[in-house]
Amino acid sequence: MALIAPSMLSADFLHLEKDVEFVNRHADLFHLDIMDGVFVPNISYGFPVVEAIASAASKPLDVHLMIVRPENYVERFAKAGAGMLSFHLNATENPGDVVALIHENGLKAGIAINPDIAVERLFPYLHVCEFVLVMSVFAGFGGQKFMEGTYGRIETLRREISSQGLPCLIEVDGGVSGKNAAALKAAGADILVAGSAVFMADDPAAAVSSMR
Ligand code: DX5
Ligand code: ZN
């Protein structure tokens, strides 16, 4: 069993309420991608959109920060309605301090890594995080091709988390669909993020079912 987290980056922003209702009904979490044009080359959306989604959401908001100095924005995202908050390992000097700050604000904390960062670099934080986010594409854009090397990375993390007997969940993000969901779950993923596979599908509900 895995939680399904549609990425709102691929939602219909002109009819956002419709897609929020869809996630309330068919999925488990809202995945919200925050990009600053500095940590990643793309810019997405900010607080007004997060607040609008929070006002209509009956499922938790999983906010994925792709920004420099995430510590400066933890409180704002907590106030905007985030329930889970992740940031990139290499976006800050002291990841452990950012995790502590996220917890002080009452949120679940996660650390994300791009495909070129060794998963072992997450090991020192597994006991303090509620989840880790393994990127299966380079962060910055929706609709990219899933990288096959992700399976082995998730297996390595799963082994370490199990051997330490920790509750830390593994989230995977980028190019996830009904085609790779079963293999990702078998490798040890607990949360599947999918943007284009859900919102660009002819039948989004069937797309979520195919991932379950
Ligand atoms: C990419 C984002 C993803 C993205 C996923 O930087 O972190 O959450 O929206 O989109 P798909 O599922 O289309 O790869
Ligand atoms: Zn994301």
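Which residues does Phe77 touch, not counting residues up to four places away in sequence? In this predicted model, the contacts of Phe77 comprise Ile34, Phe47, Val50, Val63, Leu65, Ala82 and Leu85. Phe77 belongs to the largest nonpolar core, which contains 63 residues. Within this core, the members that touch the most others are Phe77 itself together with Met8, Leu32, Ile53, Val63, Leu184 and Leu192. Another core lies apart from the largest one and consists of 10 residues, including Met35, Ala112, Leu133 and Val137.

The space taken by ligand 1 is the largest pocket. Ligand 1 is surrounded by 20 residues, of which Asp33, Gly140, Asp173, Gly195 and Ser196 are the closest. Side chains of the protein approach oxygen atoms of the ligand at several positions. For Ser196, a side-chain N or O atom is found 2.5 Å from an oxygen atom of ligand 1. The corresponding distance for a polar side-chain atom of Asp173 is 2.7 Å, and for an N or O atom in the side chain of His64 it is 3.2 Å. Ligand 1 taken alone exposes 380 Å², of which the protein buries 100%.

Technical notes. Residues numbered from 1 in each chain as written. Chains lettered and ligands numbered in written order. Predicted model: local features only at pLDDT ≥ 70, side-chain atom pairs only at ≥ 80, totals over all residues. Heavy atoms only, no water. Core = buried A, V, L, I, M, F, W, Y, C linked by side-chain atoms within 4.5 Å. Buried < 20%, exposed > 50% of the residue type's maximum accessible area, 1.4 Å probe, protein only. Contact = heavy atoms within 4.5 Å. Near = heavy atom within 4 Å. Polar contact = N/O pair within 3.5 Å; in protein donor to acceptor, adjacent residues only side chain to side chain. Areas by Shrake-Rupley, 256 points an atom, 1.4 Å probe, with all protein chains shown as cover. 1 Å grid on protein atoms, 1.4 Å probe; cavity = no way out; pocket = protein on both sides within 12 Å on 5 of 7 lines; lining within 4 Å. Sits in = over half its atoms within 2 Å of the grid points.
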